[in-house]
Amino acid sequence: MYKNTFPKKRYNITLDFLQEVISKEDKILDLGVTNPFSEILRKEGYVVTNTNGEDLDVDTSAVKSDDYTVVTAFEIFEHLVSPFNALKDIKAKKIVASVPLKLWFAAAYQNKDDIRDRHYHEFEDWQFDWLLEKAGWKIKKRVKFTNPVKKIGFRPILRRFTPRYYLIYAERV
């Protein structure tokens, strides 16, 4: 596992995970604008369409399309006030999503200057599981992983051992 050589650990883990659960024949709708990871997926042979950065709290029409078999959402749902609405409205039968986990030793991410770049939620794994279940999804595979930082101090040491991301594969019930 983690055989890839991308600069970010989470890209390696996410790609390996996705390759285990999603076929290259699947059509993927990736929530969010084109980003480095959606480009990696394209280079790996996946058919990926990105959304246009619309506010999924207000307008979920992008996820209501029958054109896709999979929706991917990598670090998206924490930016929504109500991720339930988007999760409920997804028409695809499969989802691969990751969210940041709540860390007991660090406050949730805040950006007071950019409303689109703030976390309304940082989940505990059971909270995200319940949210998915309530929205009509059954989790088939999950993994948690760390996000070490190259800094000195107590929190950087904790980040080496404390999972920061939660990645799931689920299917519509």
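Select Glu 75 to begin the tour: at 14% relative accessibility this residue counts as buried, a word used for residues under 20% relative accessible area, with exposed meaning over 50% and partly exposed in between (1.4 Å probe, protein chains only). The model you are viewing is predicted, so that local features need pLDDT of at least 70 and side-chain atom pairs count only at pLDDT 80 or more, while totals for chains, interfaces and linings use all residues. Residues are numbered from 1 along each chain as its sequence is written, and side-chain values use heavy atoms, with hydrogens and water left out.

Glu 75 lies in the loop between strand S3 (70–74) and helix H3 (83–89); helices (H or I, at least four residues) and strands (E, at least two) are DSSP runs, numbered from the N terminus. Next, show the side chains of Arg 10 and Ser 98. The side chain of Glu 75 makes a polar contact of 2.4 Å with that of Arg 10 and another, of 2.5 Å, with that of Ser 98. A polar contact is a pair of N or O atoms within 3.5 Å; within protein, one must be able to donate a hydrogen and the other to accept it, and residues adjacent in sequence count only if both atoms are side-chain atoms.

Now select helix H1 (residues 9–21) and helix H2 (residues 36–43). In H1, Tyr 11, Thr 14, Leu 15 and Leu 18 meet Pro 36, Phe 37, Ile 40 and Leu 41 of H2, where contact means heavy atoms within 4.5 Å. The residues of this contact divide into seven nonpolar, one polar and no charged; Ala, Val, Leu, Ile, Met, Phe, Trp, Tyr, Cys and Pro count as nonpolar, Asp, Glu, Lys and Arg as charged, and the others, Gly among them, as polar.
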